[in-house]
Structures are given as structure tokens and as C-alpha cells.
Amino acid sequence: MDDHEAMGFALEEAAAAPLHGDVPVGAVVVGPEGELLASRHNERELAADPTAHAEVLALRDAAAALGTWRLTGCTLVVTLEPCTMCAGAAVSARLDRVVFATPDPKAGATGSLYNICADPRLNWEPAVVPGVRADEAKALLTAFFTGVRSRPQ
């Protein structure tokens with residue numbers, strides 16, 4: 001499965017998050033053979049859990065599917081640039097690659113504010129591929145936050 005196709009699955013996940021009040025971020029983990037190992041979306045509001053980001057949930061599911069925390073050979077594909085927690089999780093999981101759609105200028109940690117995946121002081125440096133299907137991901141986020149702002153207080 002290529003990055004464009006994998007991002008399609010992540011975008012489908014992202015679209016499900018607002019159904020329970022979560023920001024539309026979706027993530028998938030693609031295995032070493034190109035197989036889809038995990039597919040999740042944000043569940044912070046649903047689970048009342050500050051760590052329930054799409055990336056963390058997908059990494060947990062992928063590790064369970066493979067029976068190991070070492071996700072060497074795998075790719076994390078996410079609709080929004082990972083934050084510091086999620087970029088750190090990508091490094092800790094020893095992913096080969098992180099692919100994201102749209103940058104996050106307020107919290108992005110794979111190039112926008114920080115570049116955790118390229119920090120030589122850490123034990124692992126996954127390659128980062130930005131901009132895959134960025135317009136589609138940005139449209140989901142814009143629609144969500146426009147709706148949030150238009151709700152009566």
C-alpha cells in the first residue's frame with residue numbers, strides 16, 4: 001500500500017472522530033509488507049484520556065497485532081503533524097517512517113515547532129514525509145473548528 005492509499009484510510013478514521021466530539025485526526029500503521037496493521041482516530045473526549053491521540057492508539061494496536069513494541073519496518077500515517085507526545089511515541093516504537101498530511105503550526109513536533117524525529121540525541125530517527133493529501137485533511141479540520149466556533153456558548 002502506498003502513502004496516498006494509506007492516507008485515505010487515515011482520512012476515513014479522522015472523519016469519524018467528530019461523531020463523539022473529538023478533533024478529526026486519524027492514523028494508521030502500515031506494516032513491513034504494506035499491510036494495514038491498525039487504524040484509529042482521536043478519542044480524547046470519548047475516553048476522557050489526554051493520551052488517546054489517534055497515533056498512540058494506532059501504535060498500541062499495531063504492537064498488539066505484531067506481538068512486539070518494536071515496530072521496525074512500519075510506517076505511521078496520520079492526517080495531522082504529530083505533537084511532541086506522538087512524535088516521541090514514533091521514536092520509541094522504532095518506526096521507519098512517519099507520513100503526515102497537514103502541518104500543525106501550533107503543536108507540530110516533526111518539523112513545525114520541534115523536530116523530534118530528526119534529533120540525533122535520541123536513539124532512533126524515523127524518516128518524515130509531510131504533505132500527503134494535505135488539502136483533504138485541512139478541510140476536515142477547518143470544517144470541525146468552524147462548527148465549534150459557531151456553536152452557542
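Tutor: We begin with the lining of the largest pocket, which by class holds eleven nonpolar, five polar and seven charged residues. The model is a predicted one, in which local features need pLDDT of at least 70 and side-chain atom pairs count only at pLDDT 80 or more, while totals for chains, interfaces and linings use all residues. Residues are numbered from 1 along each chain as its sequence is written, and side-chain values use heavy atoms, with hydrogens and water left out.

Student: What makes a residue of this lining nonpolar, polar or charged?

Tutor: Ala, Val, Leu, Ile, Met, Phe, Trp, Tyr, Cys and Pro count as nonpolar, Asp, Glu, Lys and Arg count as charged, and the others, Gly among them, count as polar.

Student: What makes a space a pocket, and what makes a residue part of its lining?

Tutor: On a 1 Å grid over the protein atoms alone, a cavity is a set of points where a 1.4 Å probe fits but cannot get out, whereas a pocket is an open set with protein on both sides within 12 Å along at least five of seven lines, and a lining residue has an atom within 4 Å of a point. The largest pocket holds about 620 Å³ of space, and of the 23 residues that line it, Val23, Leu80, Asp104, Leu141 and Phe145 are the closest to its centre. That volume is the space filled by probe spheres set on the grid points, which are joined across faces, edges and corners.

Student: Which helix gives the most to this lining, and how many residues does it give?

Tutor: Helix α5, residues 134-150, gives the most, with six residues. A helix here is a DSSP run of H or I with at least four residues, a strand is a run of E with at least two, and both are numbered from the N terminus.

Student: Why are Phe144 and Phe145 called an edge-to-face pair?

Tutor: Rings of Phe, Tyr and Trp (its six-membered ring) pair if their centres lie within 6.5 Å, and planes under 30 degrees apart count as stacked, those over 60 as edge-to-face and the rest as tilted. The count by this rule comes to one aromatic pair. Phe144 and Phe145 form that pair, at 5.0 Å centre to centre with 80° between the planes, and are therefore edge-to-face under the rule.

Student: What does Leu66 touch, leaving aside its neighbours within four places in sequence?

Tutor: Contact means heavy atoms within 4.5 Å, and by that test Leu66 is in contact with Leu37, Leu71 and Cys74 beyond those neighbours. Leu66 and Leu37 are 29 residues apart along the chain, with their C-alpha atoms separated by 8.2 Å.

Student: Why is His53 called buried, and where is it placed?

Tutor: His53 has a relative accessible area of 14%, and therefore it is buried. Its place is in the loop between α2 (44-47) and α3 (54-66), and apart from neighbours within four places in sequence, His53 is in contact with Asn42, Arg44, Cys83, Met85 and Cys86.

Student: What makes a group of residues a nonpolar core?

Tutor: A nonpolar core is a set of buried Ala, Val, Leu, Ile, Met, Phe, Trp, Tyr and Cys residues joined through side-chain atoms within 4.5 Å. The largest one has 28 residues, of which Val29, Leu59, Leu71 and Leu95 touch the most other members. The largest share of this core, five residues, comes from α3. A second, separate core has eleven residues, including Leu11, Val28, Val30 and Ala101.

Methods: Buried means under 20% relative accessible area, exposed over 50%, partly exposed in between (1.4 Å probe, protein chains only).
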